[in-house]
Amino acid sequence: MSIQKTLSIIKPDATRRNLTGNINARFERAGLQIIAQKRLRLTKLQAEKFYEVHRERAFYDSLCDYMFSGPIVVQILKGEDAVAKNREIMGATNPANAEIGTIRRDFGESIEHNSVHGSDSQENAEIEIRFFFSELEIIE
Ligand code: ADP
Ligand code: MG
């Protein structure tokens, strides 16, 4: 167990339905602290860069188009085992397979429009945090 930071994104399907506060209440209730946050709209190029690891996947183009289709909220969550805890609160990638009470089960519209992103390892969390935030924007 250790104190970690992880990157969280509230995706366009969730900002469109005004779910930002509702989703963030779940993180805070679970003891994760939001130590950096901003609302923005990605360009197509930025979306492609962020999801570069998925470039070879069949859903890559559609995923990138979706991620720049509307505003997102990017944020850093900090707390005990934040990477795994965030993934647990989010639920499985496909909302249909996610546990009851998880964000994706409760709010996700489809496997692509699944409301939230969360880093999958500490190493990727560091890379993803650096992609969106400068040191000045992270207030611990
Ligand atoms: P996760 O977000 O749970 O880490 P992945 O890293 O595998 O999942 O995929 C990144 C994102 O790509 C997912 O959150 C989802 O928005 C989208 N995605 C994943 N699999 C599919 C799929 N089979 N069809 C369409 N979109 C998908
Ligand atoms: Mg992933």
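This is a predicted model: local features need pLDDT of at least 70, side-chain atom pairs count only at pLDDT 80 or more; totals for chains, interfaces and linings use all residues.
1. The residues around ligand 1 are Lys11, His54, Phe59, Leu63, Arg87, Thr93, Arg104, Ile111, Glu112 and Asn114.

2. For histidine 54, a polar side-chain atom lies 3.0 Å from an oxygen atom of the ligand. For arginine 87, the corresponding distance from a polar side-chain atom to an oxygen atom of ligand 1 is 2.8 Å. In the case of asparagine 114, an N or O atom of the side chain is 2.9 Å from an oxygen atom of ligand 1. As to burial, ligand 1 taken alone exposes 530 Å², and the protein buries 79% of that area.

3. Is serine 115 buried or exposed? Serine 115 counts as buried because its relative accessibility is 0%, and the limit for that class is under 20%.

4. The surroundings of serine 115 can be listed in some detail. Its side chain makes a polar contact with the side chain of aspartate 13, at 2.8 Å. With neighbours within four places in sequence left aside, serine 115 is in contact with Ile9, Ile10, Lys11, Asp13, Ala14, Arg17, Ile23, Tyr66, Ile103, Phe107 and Gly108. Lys11, one of these contacts of serine 115, is also among the residues around ligand 1.

5. Alanine 84 is part of helix α5, which spans residues 82-90. Its relative accessible area is 47%, so alanine 84 is classed as partly exposed; the exposed class would require over 50%. Arginine 87, whose side chain has a polar atom 2.8 Å from an oxygen atom of ligand 1, has a number that falls within the range of this helix. What separates the C-alpha atoms of alanine 84 and isoleucine 103? The two residues are 19 residues apart along the chain, and their C-alpha atoms are separated by 14 Å. Isoleucine 103 is itself one of the contacts of serine 115.

6. Serine 2 is located in the segment before β1 (3-10). With a relative accessible area of 31%, serine 2 is partly exposed. Not counting residues up to four places away in sequence, serine 2 touches Gly79, Glu80 and Asp81. Between serine 2 and glutamate 137, which stand 135 residues apart along the chain, the C-alpha separation is 23 Å.

Definitions and conventions
Residues are numbered from 1 along each chain as its sequence is written. Chains are lettered from A and ligands numbered from 1 in the order in which they are written. Side-chain values use heavy atoms; hydrogens and water are left out. Buried means under 20% relative accessible area, exposed over 50%, partly exposed in between (1.4 Å probe, protein chains only). A polar contact is a pair of N or O atoms within 3.5 Å; within protein, one must be able to donate a hydrogen and the other to accept it, and residues adjacent in sequence count only if both atoms are side-chain atoms. Contact means heavy atoms within 4.5 Å. A residue is near a molecule or strand if one of its heavy atoms lies within 4 Å of it. Accessible areas come from the Shrake-Rupley method with a 1.4 Å probe; for residues, only the protein chains shown count as cover. Helices (H or I, at least four residues) and strands (E, at least two) are DSSP runs, numbered from the N terminus.
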